[in-house]
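Student: Could you go through this model with me?

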Amino acid sequence: MDLDQFGDLRTPEGVAALATAAGLAGGDPLNAAARLRSTGIPADLAAAALTQAELRRRAVGKFGPDAARMFFTRAGLEQATRRVVADRRAARLRAAGVRTLADLGCGLGADALAAARAGIRVYGVEADPTTAAMAAANAEAAGLAELFTVECGDATAFDVTRVEAVFCDPARRKAGTGRRIFDPNSYSPPWDFVTGLAKRVPYPVVKVAPGLDHALIPAGAEAEWVSVDGDLVEATLWCGRLAELPRRATLLREKERPAADAAGSGGNRAHQLTGDGDAEAAVGPVRRFLYDPDPAVVRAHLVAELAGELDATLGDPTIAYLYADTAVPTPFARCLEVTDVLPFSLKRLRALLRDRRVGRVEILKRGSALEPEQLRRDLRLAGDAAASLVLTRVAGAPTVLVGRPVAG
């Protein structure tokens, strides 16, 4: 979508087209387009409205009911921060006393809107004219246009002395192609500019991909990995006065919806594990219970800290499965009771599952090259019982664990 097409959606005719398209989103696109055109809507406007309606439908998972009033591009929606994560980040900034913020490369405005909702004055900068216009429209739709304004321009040229804090989510995909960029200095803005913000403003925050190489973390920064309902979604670098400790894993639960906790989770429960990220867990044998740590814990290099809480050990120094003699309730890992430990053998595993009439299995794996779906077919399951299979290595040897989930 270009700027002219977006402008057409903002006209009374465009608003009407969007309203009609909203009732057709999710259905057959050809039939939907034909129905829109049959009402007299021009083909180009009908296509733009249907695209926007479909993006709004997909955006509900990230933005909730607000998605119905927002504007999106495909790339922008994919890269936008989930509202639960953005709201929690904004709450932490507000708690630190931040009153003014520059969002350099604000995209569609997800993080800027969260900061504005927290009462922070936000100055957004976005290089793409259509995206900048959409961000401004999203601020207007949210009733936050006085707190969040957008200018189209070069993020590196913004005068950061005007604000107390800077938020930056550097683009990690090549404009026009969508291809991932792996060289940090090819990000937009480039990595050296991003990390240099810590010397220019007191409260710099950087959103990064969860696969960030720990070697790229600036000295003195706090690196936080965030998961939502077990899905690892991003990492954040808290720099300058915002850095509180070396590493943090934060687990958010959108599905629980309790009152906001003391950490300022924006109405969602936040569980946090912290440490320096350098500790190593002890290695021992497989024990009665297996813990599968949340991916935020693994990426933050906090498995050893979790092992200490659970009185657990690793079965292999390179595999992030923990083993313990007792089941301890924890939000940081899923727990399975291990019933069988076998050196991997398809024949032996098939015989064991057949004897127990196991017809349904979930398959977890770490450190195994086996493809779960292929293994499922090869097992030729039959029966009404269920089991959990864990494909892993123990002391370097390919191993399969059979077990069952522990409630809680």
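Predicted model: local features only at pLDDT ≥ 70, side-chain atom pairs only at ≥ 80, totals over all residues.

Student: How many helices and strands does the protein chain have?
Tutor: The protein chain has 13 helices and 16 strands. Both are DSSP runs numbered from the N terminus: helices are H or I with at least four residues, and strands are E with at least two.

Student: What box do the C-alpha atoms fill, and what share of the residues is buried?
Tutor: Taken along the principal axes, the box is roughly 70 × 55 × 40 Å. Of the 408 residues in the protein chain, 49% are buried. Buried means under 20% relative accessible area, exposed means over 50%, and partly exposed lies in between, with a 1.4 Å probe and protein chains only.

Student: What share of the contacts joins residues 24 or more positions apart?
Tutor: Such residues account for 68% of the contacts with a separation of 6 or more. A contact means heavy atoms within 4.5 Å.

Student: Turning to helices, how do α2 and α4 cross?
Tutor: The axes of α2 (residues 12-22) and α4 (residues 43-63) come within 8 Å and cross at roughly 50 degrees. That makes α2 oblique to α4. Axes are lines fitted to C-alpha atoms, for helices over the stretch in contact, and angles run from 0 to 180 degrees between N-to-C directions. Angles under 35 degrees count as roughly parallel, over 145 as roughly antiparallel, 65 to 115 as roughly perpendicular, and the rest as oblique.

Student: Which residues of α2 and α4 meet?
Tutor: From α2, the residues are E13, G14, A17, L18, A21 and A22, and from α4 they are L45, A49, L50, Q52, A53 and R56. By class, the contact of α2 with α4 has 8 nonpolar, 2 polar and 2 charged residues. Ala, Val, Leu, Ile, Met, Phe, Trp, Tyr, Cys and Pro count as nonpolar, Asp, Glu, Lys and Arg as charged, and the others, Gly among them, as polar.

Student: And how does α3 cross α4?
Tutor: The axes of α3 (residues 29-38) and α4 come within 9 Å and cross at roughly 130 degrees. The two helices are therefore oblique to each other. P29, A32, A33, L36 and R37 of α3 make the contact with A43, A46 and L50 of α4. This contact of α3 with α4 has 7 nonpolar residues, no polar ones and 1 charged.

Student: Now the sheet: what is the order of its 9 strands?
Tutor: The order in this open sheet is β3-β2-β1-β4-β5-β7-β6-β8-β9, with mixed pairing. The edge strands, β3 (148-152) and β9 (269-275), each pair on one side only. From one strand to the next, the twist averages 20 degrees. Two strands pair if DSSP finds at least two bridges between them.

Student: Is β5 enclosed or open, and why?
Tutor: Strand β5 (residues 203-208) is largely enclosed by the rest of the structure, because 6 of its 6 residues are buried. Y203, V205 and K207 on one side and P204, V206 and V208 on the other are all buried.

Student: Which way do its neighbours run, parallel or antiparallel?
Tutor: Strand β4 (residues 165-168) runs parallel to β5, joined by 4 bridges. A165 has Y203 as its bridge partner in β5. β5 and β7 pair in the antiparallel sense over 4 bridges, and V206 stands opposite L237 in β7. Strand β7 (residues 231-238) also runs antiparallel to β6 (residues 222-228), with 7 bridges.

Student: Where is P398, and is P398 buried or exposed?
Tutor: P398 lies in strand β16 (residues 397-405). P398 is exposed, with a relative accessible area of 55%.

Student: What does P398 touch?
Tutor: Not counting residues up to four places away in sequence, P398 touches P343, F344, T392 and R393. The C-alpha atoms of P398 and G367 are 8.3 Å apart, and these residues are separated by 31 residues along the chain.

Student: Which strand pairs with β16?
Tutor: β13 pairs with β16 in the antiparallel sense over 7 bridges, and E337 stands opposite R404 in β16. Strand β13 (residues 333-343) is also joined by 5 bridges to β10 (residues 289-293), and these two run antiparallel.

Notes. Residues numbered from 1 in each chain as written. Heavy atoms only, no water.
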